[in-house]
Amino acid sequence: MLNRISVVCLLSSAFSFATGSTAFAEHSQVPVARIHAQAQVAAPPAAVWAWMIQGRNLVTWCPGWKAPANAKSNISKVGDVLEYTDEWGNGGRSVVTYLLKNKELRVAHEPTKGDYMCQAKVILEPVGTGTRVHLWDQYTDDSSPADAQATAQKMETELANMLAALKKGVQSR
């Protein structure tokens, strides 16, 4: 029995053959930059998580999520969506792709223009009575080597600032 994909492929092939048209595909590789930062927070993972996912706090520790609508949102499940604007003025939405309460949060940033791919991940690691917070950001970057290096340095600073803001917010509760 043919599945739906097979039928679509067969119909597409038959149409191309009948009309004499051929499809064109192109391949290119785009470098991916991966930035990692970490910080020690003097609170257990559950406390860090509870503070981190609240809308009113999202807009303080993550500058990309500063949209006023986000202050009214709490991250609670896969599929939750936040508006974002990055440091270069690119806007779009961040979609929660993975959530393991008190442990891990992943989001995919979907830029409005669709001209790059970006993902972020936060992992909370219990360490003694506190938490080591790991923050990863990875994105495609096909700019010149000098521009790519400048972007990476800017992102390293942004991630460090984000973790400092998260730490300050959690520890000042």
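**Close-up views of the predicted model**

**View 1. The largest pocket and its lining.** Helix α4 gives the most to the lining of the largest pocket, with 6 residues. Helices here are DSSP runs of H or I with at least four residues, strands are runs of E with at least two, and both are numbered from the N terminus. This is a predicted model, in which local features need pLDDT of at least 70, side-chain atom pairs count only at pLDDT 80 or more, and totals for chains, interfaces and linings use all residues. Residues are numbered from 1 along each chain as its sequence is written, and side-chain values use heavy atoms, with hydrogens and water left out. The lining comprises 40 residues; D86, W88, Y116, C118 and D137 lie nearest the pocket centre. Elements giving two or more residues to this lining are β2 (81–85), β4 (104–111), β5 (118–127), β6 (130–140) and α4. The volume is about 740 Å³. (A pocket is an open set of points on a 1 Å grid over the protein atoms alone, where a 1.4 Å probe fits, with protein on both sides within 12 Å along at least five of seven lines; lining residues have an atom within 4 Å of a point. Volume is the space filled by probe spheres set on the points.) By class, the lining has 20 nonpolar, 8 polar and 12 charged residues. (Ala, Val, Leu, Ile, Met, Phe, Trp, Tyr, Cys and Pro count as nonpolar; Asp, Glu, Lys and Arg as charged; the others, Gly among them, as polar.)

**View 2. Packing of α2 on α4.** Helix α2 (residues 45–52) packs with helix α4 (residues 145–171) at about 110°, their axes 10 Å apart. The two helices are therefore roughly perpendicular (angles of 65 to 115 degrees). V48, W51 and M52 of α2 meet A165, L166, G169 and V170 of α4 (heavy atoms within 4.5 Å). This contact has 6 nonpolar, 1 polar and no charged residues.

**View 3. G114 in the β4–β5 loop.** G114 is found in the loop between β4 and β5. G114 counts as exposed because its relative accessibility is 56% (exposed means over 50%, buried under 20%, with a 1.4 Å probe and protein chains only). N90 lies 24 residues away along the chain, and the C-alpha atoms of G114 and N90 are 9.8 Å apart.

**View 4. The whole chain.** The protein has 4 helices and 6 strands. Their order along the sequence is α-β-α-α-β-β-β-β-β-α. Buried residues make up 36% of the 173 residues.

How values were computed: Axes are lines fitted to C-alpha atoms, for helices over the stretch in contact, and angles run from 0 to 180 degrees between N-to-C directions. Angles under 35 degrees count as roughly parallel, over 145 as roughly antiparallel, 65 to 115 as roughly perpendicular and the rest as oblique.
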